[in-house]
Amino acid sequence: MSAKHVLALSGGVGGAKLAAGLAAVLPPEDLTIVVNTGDDFEHLGLTICPDIDSVTYALAGLNDTQRGWGVKDETWQAMAMLKALGEADWFNLGDRDMGMHIARSWRMREGESLSAVTARLTRELGIAHAIVPMSDAPLRTQVGTAEGWLDFQRYFVAEQCRPVATGIRFAGKAGAKPSAEFARALARDDLGAIVVCPSNPYLSVDPILAVEGVRAALEARKVPLIAVSPLVGGTALKGPLAKLLGELGQPVSNRAIADHYGDLLDHLIIDEADAADAGDLRGTGLSVTVTGTVMCDAGDRERLARVALSAARIETG
Ligand code: FO1
């Protein structure tokens, strides 16, 4: 059996772009995309899964590329009404996006698992590739501040990352098992590569690694693990995440990313703006590719996907 199945681990925005590139160059049977659910939360009675939705919208061609999250050509009538009714308006839910949260929430209330409802909704949007939550159990990222632990979206959106961060923790990680499809992908005989998409290692990939048994399963697999660095020019492409990591004493550099993944990592893809990092990284025994990692359009996404797959010697036709 040729080892050609690819397991991609993804967070939201940046990760979703590479996930879409992988889906453009691999047939559905050769790709499983496992998505961080640490950013998920309950809001206005709805179960909101920002990273699953970012990946879903990117694969369905529905994503708003300007804003970076949510649906393109969005309208905001429901949000305006909620505000007029005195309800919370700190987390912006577009009208079309709201349809996704309503469908997910009511199906889950009917007893469907997050995995089942994700499979249902992605299929309905015409996506043939598997988009899989890391776990069906809630494992929620929280950020420590002087006022106590804040749920991720409270910290990130409501507080705009203003409070000084003192720690990151994953509430509910004890007993959070991998979803069935994630466990199946990890155990596949034909698994040929694991691709860590350009998502934040501490906030978007660590929650996936915190799911029970996942790190050990990845360590036990003797297939190449290729990560695409989320850094461009030595910093995060977007948002105040570099501030958060600085406060936590986490260096924002490709060397820090490589050290963070440690023995799991076989190959790191870094941006050409950071070409000067390659020598030091290679000196640690790591294999490194220097290429353009900024994905502005479908061509960029597919090209980077092919670069990642060729690092694992996976053919893409
Ligand atoms: N990010 C914001 O900065 N402000 C918002 O109001 C906001 C709303 C939102 C709604 C649905 C959704 O799927 C994502 C949304 N995001 C918003 C993005 C989200 O907070 C983060 O990008 C991810 O959690 C980080 O990966």
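These legends walk through several close-up views of a predicted model. Local features are described only where pLDDT is at least 70, side-chain atom pairs count only at pLDDT 80 or more, and totals for chains, interfaces and linings use all residues. Residues are numbered from 1 along each chain as its sequence is written, and side-chain values use heavy atoms, with hydrogens and water left out.

**View 1. Who sits around the ligand.**
Asn92 has a polar side-chain atom 2.8 Å from an oxygen atom of the ligand. For Gln153, a side-chain N or O atom is 2.7 Å from a ligand oxygen. Trp69 places a polar side-chain atom 3.3 Å from a nitrogen atom of the ligand.

**View 2. Rings that pair up.**
Rings of Phe, Tyr and Trp (its six-membered ring) pair if their centres lie within 6.5 Å; planes under 30 degrees apart are stacked, over 60 edge-to-face, and the rest tilted. That rule gives five aromatic pairs. One of them is Trp90 with Phe91, edge-to-face at 5.7 Å centre to centre and 70° between the planes. Another is Phe152 with Phe156, stacked at 5.0 Å with 20° between the planes. Ring pairs also link Phe41, Trp90 and Phe91 into a cluster.

Phe152 and Phe156 both belong to helix α6 (residues 152–158), four residues apart, or about one turn of the helix. Helices (H or I, at least four residues) and strands (E, at least two) are DSSP runs, numbered from the N terminus. Phe152 is buried at 6% relative accessibility, while Phe156 is partly exposed at 29%. Buried means under 20% relative accessible area, exposed over 50%, and partly exposed in between (1.4 Å probe, protein chains only).

**View 3. A charge over a ring.**
The charged end of Arg67 sits over the ring of Trp69, 4.8 Å from its centre. To count, NZ of Lys or CZ of Arg must be within 6 Å of the ring centre and within 35 degrees of the ring normal.

**View 4. The two sides of α7.**
Which residues of helix α7 (residues 180–187) are buried? Phe182, Ala185 and Leu186 are. They cover an arc of only 100° around the axis, so they lie on the same side of α7; the arc is that of the directions from the helix axis to the C-beta atoms. Ala180 and Ala187, on the other side of α7, are exposed. The cover over the buried residues includes strands β1 (5–10) and β2 (31–35), along with helices α8 (201–209) and α9 (214–220).

**View 5. Asn36 in its loop.**
Asn36 lies in the loop between β2 and β3 (41–43) and is buried, at 0% relative accessibility. Its side chain makes a 3.0 Å polar contact with the side chain of Asp51. Leaving aside neighbours within four places in sequence, the residues in contact with Asn36 (heavy atoms within 4.5 Å) include Ser10, Gly11, Met134 and Leu203.

Key
A polar contact is a pair of N or O atoms within 3.5 Å; within protein, one must be able to donate a hydrogen and the other to accept it, and residues adjacent in sequence count only if both atoms are side-chain atoms.
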